[in-house]
Amino acid sequence: MSSNPIKILLVEDDELFRLGLYVRLQQEPGLEIIAETEDGETAIELVKQNPLDIVLLDVGLPGIGGIETCKQIKQQNPLLPILILTSHWQKPLISRLIEAGAQGYCLKGIAAEKLVLALRSVAAGASWWDETATKEIRSSFLAEPSPHVENISKLANPLTGREQEILSLLAAGKTNQEIAVALYIAPGTVRVHIHAILQKLEVSDRTQAVMMALQKGLIKSEVSNL
């Protein structure tokens with residue numbers, strides 16, 4: 001078990017759902033909820049008061065709401081990852097979340113194991129968008145170019161810089177252990193990133209991920225040994 005657990009701020013206005021999340025996540029090795037609240041205004045203050053690794057934020061909050069809460073947290077702490085929780089998917093939601101600075105979202109019906117994986121992934125620097133969101137991101141990029149250049153770049157390439165580094169090393173034939181040594185990260189963190197890469201590219205194994213990334217120009221072909 002890691003000696004440095006991932007410190008989570010839980011922001012959810014449904015008391016029973018928040019309690020269920022708290023109990024389940026506290027049982028998970030390496031995760032620690034160090035603060036919780038039911039509204040965005042308090043969440044913003046808690047971010048100032050506590051050392052955090054990630055915010056798990058309900059989008060449907062009372063008061064200023066989840067989107068505005070996300071924006072304000074990012075303004076005061078741009079490097080703090082935020083994973084959104086939502087009870088239902090809406091088409092305009094994805095672009096709003098990206099503009100607010102969120103690293104991804106999960107539906108509230110998601111399996112607990114997958115939510116834990118999403119938390120670990122986002123806390124490690126990855127992003128997390130499910131299949132529906134990924135398809136919407138791709139179609140939005142093709143059909144409705146955004147005026148925000150930085151966000152266009154994110155939509156065109158769903159992989160973070162770290163994920164591209166790892167995928168390039170995979171293409172060069174490196175093992176998880178070799179990648180961990182090369183990037184000075186834990187092998188477990190490498191596995192989390194690889195899972196996120198497979199999710200984003202909608203492939204089942206690392207070989208397919210490398211082939212798709214080369215095909216789409218997400219990594220440079222000269223690094224590949226395939």
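Mentor: Happy to! Helix 2 (residues 40–49) lies across strand 1 (6–11), strand 2 and strand 3 (54–58), where contact means heavy atoms within 4.5 Å. Helix 2 runs at about 130° to strand 2; axes are lines fitted to C-alpha atoms, for helices over the stretch in contact, and angles run from 0 to 180 degrees between N-to-C directions. Helices (H or I, at least four residues) and strands (E, at least two) are DSSP runs, numbered from the N terminus.

Keep in mind that this is a predicted model, where local features need pLDDT of at least 70 and side-chain atom pairs count only at pLDDT 80 or more, while totals for chains, interfaces and linings use all residues. Residues are numbered from 1 along each chain as its sequence is written, and side-chain values use heavy atoms, with hydrogens and water left out.

Now the sheet itself: 5 strands form an open sheet with parallel pairing, in the order 2-1-3-4-5. Two strands pair if DSSP finds at least two bridges between them. Strand 2 (31–37) and strand 5 (104–107) stand at the edges with a single partner strand each, so one side of each has no neighbour in the sheet. On average, neighbouring strands of this sheet are turned by 25° against each other, direction ignored.

Leu 85 has Cys 106 in strand 5 as its bridge partner. Finally, look at Lys 108: its charged end sits over the ring of Phe 17, 5.0 Å from the ring's centre (the rule asks for NZ of Lys or CZ of Arg within 6 Å of the ring centre and within 35 degrees of the ring normal).
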